[in-house]
Structure formats: C-alpha cells, structure tokens
Amino acid sequence: SVSWHWLHREMSSNFAGETGAVAIYHGALSAISLRAAFAPLPETARTFAAAHMEAEGQHLALLENTVPVSKRTRLLPAWRTAGWALGFLPTLVCGAPGLYRTVASVESFVEEHYQQQIIPLSKSGECPELVRLLTHCCADEVHHREDALKQLPPGAGGPVAWAWGALVKTGSRVAAELARRI
C-alpha cells in the first residue's frame, strides 16, 4: 500500500519541479533576447526553449489540477527565481551549448525522480490515473533530454561541461528534497 504522506511529498516536489522548469525556459529566452544585441544565438535555440517551455507549462497545468494548494511547497517563489537563473546564466554566458547542457542535466535527474514514483505506484496497483500522468510527463522529460543532447555540438563535453552537469543534477536533487519537506 502506498503511503499517502510519501505521495503528498512527492507531488509537492513534482509541482515545484515543473514550476522551476517553466522558469528555466523563461530565463533562457530572456538570455537569448539579451544576446541578440551582441552575440545572437541560432534561431533553433529560441525554438527549442519556446517549445519545451510550452510542454513544461502543460505539465504544470496538469499538476495544478492534481496537487491541492495546501500540498504544494512553500518555496515556489524561490523555485521560480532559481529556475529563471538556471536558464538565464548558462545561456547568457555559454550560449546554446550552455542551455542544452543544463536541460540535459536537469532532465536526467527528472527522469530518475519520476521513475522513483512510477515504479512503486505501478507495483502497488494504486493510483493508476496518477501513474498515467507521471508516465506521460516522464516521457516528455526524456524527450527533452534527448533533444538537448542532440543539439549539443560535437566536442561540447569536457571537464567543465561534466562539472556543470554534475552541479545541476546535485542541485536538482537538493531542490527536490527541500520541496518534499517545506
């Protein structure tokens, strides 16, 4: 049997994550607009960010209808700010590769995060509608990660990119845990 306390905490974390994801793309689009004056990025970066922001907005709308206000983290303003900065800074400083590396790292974490809920819920047979919703969102996140990795130019790896990816994944883990608790 699924612990409802566990599930409420996980859904709070999911809501925070989708809130942060929308903000990441807002931040990236702001950086892309700012860079247009001095170091324009390819239109593919804007298209990527806009399309992914729309998908994340749809996830957030689904969760708004699923997670009661009383079960959402109180840290949402911080998530919006942190998400915006996470999209803005690497895109501004490193251009499209910074955006794509950040998205790939975040989405790698998100896939693991959703799977940690989907697997036990599926095994228990409880909440089949929620399992469908989480599976749908997870599949989109995997697509976002694969899309970001596909956009990275050859040789865009290296120790700095690896370190940035590790920092983003670790930060995502910490953020998810905080959203579960506060």
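Biologist: What volume does the largest pocket have?

Modeller: A pocket is an open set of points on a 1 Å grid over the protein atoms alone, with protein on both sides within 12 Å along at least five of seven lines, whereas a cavity is a set of points where a 1.4 Å probe fits but cannot get out. Grid points are joined across faces, edges and corners, and a volume is the space filled by probe spheres set on the points. Here the largest pocket has a volume of about 560 Å³. This is a predicted model, in which local features need pLDDT of at least 70 and side-chain atom pairs count only at pLDDT 80 or more, while totals for chains, interfaces and linings use all residues. Residues are numbered from 1 along each chain as its sequence is written, and side-chain values use heavy atoms, without hydrogens and water.

Biologist: How many cavities of 30 Å³ or more does the structure hold?

Modeller: The structure holds one, with a volume of about 40 Å³, and its lining includes Ala21, Tyr25, Glu56 and Glu107. The largest share of that lining, four residues, comes from α4.

Definitions and conventions:
On a 1 Å grid over the protein atoms alone, a cavity is a set of points where a 1.4 Å probe fits but cannot get out, and a pocket is an open set with protein on both sides within 12 Å along at least five of seven lines; lining residues have an atom within 4 Å of a point. Helices (H or I, at least four residues) and strands (E, at least two) are DSSP runs, numbered from the N terminus.
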